[in-house]
Amino acid sequence: MSLLKVDHLAVEFQTPDAAVRAVNGVSFELEEGSTLGIVGESGSGKSQSVLAMLGLLARNGRASGTALYQGENLLTMPPKALNRIRGNRLSMIFQDPMTSLNPYLTIERQMTEVLELHKNMTRRAAKKRAIGMLEAVRIPEAAHRIDQYPHELSGGMRQRVMIAMALLCEPQVLFADEPTTALDVTVQAQILQLLRNLQHDFGTAIVLITHDLGVVAGLCEKVMVMYGGRVMEHCSAADLFARPSHPYTIGLLRALPRLDEEGAALRGIPGNPPNMAHPPAGCPFQERCVDANAQCAERMPALDPLNGDATWLRACHRPVEQMKSLHEEPSHV
Amino acid sequence: MSEQTILSVRDVQVHFKVKAKSRLPWAPPRTLKAVDGVSFDLRAGETLGVVGESGCGKSTLSRAILNLIPATQGEIVWMGETLSTASPRAWHDVRRDIQMIFQDPLASLDPRMTVGQIIAEPLREHRRGMSKEETTQRVRAMMAKVGLREQMINRYAHEFSGGQCQRIGIARALVVEPKLVVCDEPVSALDVSIQAQIVNLLKSLQAEMGLALIFIAHDLAVVKHISDRVMVMYLGHVMELAGKDALYAGPRHPYTRALLSAVPVPDPAVERAKVVQILSGDIPSPIDPPSGCVFHTRCPIAQPRCATEVPSLRAVSDHAAAACHFA
């Protein structure tokens, strides 16, 4: 049985202008100890899908569908029951390490609280455990650092504190929302190395939300590409990078500046992301897609297995062999 | 690209006085060395990429060139004229010739002005005699060049997406036909598909108008795509200054090597096989920088000599200069 089974997850926000559908029909399964990358541009709904599962949506947001964790639906769970799982079995690392730590509390207070709440530990035992975890994420002089406030630490160190805090209860699933986006590349390399080691040591399943395909390539086994609240392609990382089958994935890979390739000009995807308050009918990517035809404007293609392969899902009306985006070069914009 | 040097930066320092961490109010202030002795030349039509981690002084350097933050020492020579002694009148012309594009596309546009007003503002200042009709015509032409539709001229900045706002910022910078544009992280706030649009736009406008660019970024892959030469900074010092091909094919400075190895490559086979040179620890404080070579505290090949002797930026090949005793 899979650890987490998400089915037709949708998130809708009520705004004064209109109801905004940020996530639309997202389904996936997560096995124990596996890594899933969720890739997409800002506004693609990748963060909101995860926040919905953890009951962390903004007040005007409402989630529908199901997200089964060990047979229980996280979306309809009463807050009390959810609180027993959150931060304990399922934990999360946020993008901005400064605003997600409490500036008024020392690192010690913020970390021991988790253990006192979930594990009924004494403050003293919790502190010992917290120091051990800070050492595991390689914070130098952990015993001294733990008494400091967040502002006394550098950005990379704060992110390591966040990771240590998320791992305190040895969660089964770690949701990491752009954990390295605010960091410099050298620090990013440290954090990614750390996540790899931790997964190896603790067997934690990781859901990594990112816009950086390079980070996905280094860490994830499976990848889900999202656009306009929908899943466009969902397959193994090896397949995605070697043989992308969706026009959007292809566009994304071509737009990416790479260090390991010479001379190839960048090709942006023309146009702008859709306004989610007034999404186009049919496929959200149609306006920017070189492969779009009349069918695309009418209805959203289903997320179907590619060539009968159930591990490779794609949502596109056009068969892969007829795709223009594979051969033709989109115009320079 | 011509051989004419348009901008010459000579040993520029930008130091800030910061309050001492002492409780005693009479404790002498301490010095934060944001930029500490940077020199380079820029030729007409050339793109110089400036890379480094946060706090390396790349943004401060760009502001020092425009005197938005005055350099505490050193000389900046623009088209043969030393800027520190230039008259306010001469500065006025310099500010027309050197324009800037900022990181946050929305925050750098006035929310109470329409797109037309934003793009026309530099013209009103630098082409005082220009008639209203001609100004509007110029603005429209510029909008077409950066890929904005003419009907958008009366809209406000908040009505646009990040990529479109950056196009407005580019139009505003280029409407007075500058010779140099300083771009401070112009694409780092944008999504990948939009980022590629803006990089391509900058490249084509550069070719069309013969602009020189100083392109500041922390993304080494983006810098590779747009630059002719690349300058790598660390703690206010230049670590390496080299032609693009030389730098990316064979980095000479250990810091450049560590930076390049840390960039994730979007190919699982390559990414998982490669050896990342992980730098230990954090970047030291620029208030109390390490003695000798500023990088020696994190350098994998540091020797005792590095802690005492400051390496100068010296030519290590035809196209590369590095500040390392062992380059």
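# A tour of chains A and B

Chain A is divided into domain 1 (97–168) and domain 2 (244–322); such bounds come from an automatic or database domain assignment. This is a predicted model, in which local features need pLDDT of at least 70 and side-chain atom pairs count only at pLDDT 80 or more, while totals for chains, interfaces and linings use all residues. Residues are numbered from 1 along each chain as its sequence is written, and chains are lettered from A and ligands numbered from 1 in the order in which they are written.

**Stop 1: the domains of chain A.** Colour domain 1 and domain 2 of chain A separately. Their C-alpha centres lie 42 Å apart.

**Stop 2: helix α3 of chain A.** Select residues 107–119 of chain A, helix α3. Helices (H or I, at least four residues) and strands (E, at least two) are DSSP runs, numbered from the N terminus. At 1.5 Å a residue, the 13 residues of α3(A) should span 18 Å, and the end C-alpha atoms are 18 Å apart, which agrees. The expected span is 1.5 Å times one less than the number of residues.

Now show I107(A), M111(A), T112(A), V114(A) and L115(A), which are buried. A residue is buried if 20 or more other C-beta atoms lie within 10 Å of its own, exposed if 12 or fewer, and partly exposed in between, with C-beta atoms placed from the backbone. These residues of α3(A) cover an arc of only 145° around the axis, so they sit on the same side of the helix. The arc is that of the directions from the helix axis to the C-beta atoms. Their cover includes α4 (123–136), α5 (142–145) and α6 (155–167) of chain A. Step just past α3(A) to N120(A), which takes a positive phi of about 50°.

**Stop 3: the strands of chain A.** Select β10, residues 230–236 of chain A. This strand is mostly covered, with 6 of its 7 residues buried. Two strands pair if DSSP finds at least two bridges between them. M226(A) stands opposite V231(A). The hairpin of β9(A) and β10(A) has 2 residues between the strands, and G228(A) there takes a positive phi near 55°.

**Stop 4: helix α10 of chain A.** Select α10(A), residues 247–255. Of its 9 residues, 8 are buried, so α10(A) is largely enclosed by the rest of the structure. Among the buried ones are Y248(A), I250(A), L252(A) and R254(A). They pack against α8, β9, β10 and α9 of chain A, together with α6 (192–209) of chain B.

**Stop 5: where the chains meet.** Show both chains. 39 residues of chain A are in contact with 38 residues of chain B; contact means C-beta atoms, placed from the backbone, within 7 Å. Which element gives the most to the side of chain A that touches chain B? α7(A) does, with 6 residues. That side divides into 19 nonpolar, 14 polar and 6 charged residues. Ala, Val, Leu, Ile, Met, Phe, Trp, Tyr, Cys and Pro count as nonpolar, Asp, Glu, Lys and Arg as charged, and the others, Gly among them, as polar.

**Stop 6: the domains of chain B.** Chain B is divided into domain 1 (5–20 + 31–227) and domain 2 (250–327). Their C-alpha centres lie 29 Å apart. 8 residues of domain 1 of chain B are in contact with 7 residues of domain 2 of chain B. On the domain 1 side, the largest share, 3 residues, comes from β2(B).

Note on methods
Contact = placed C-beta atoms within 7 Å.
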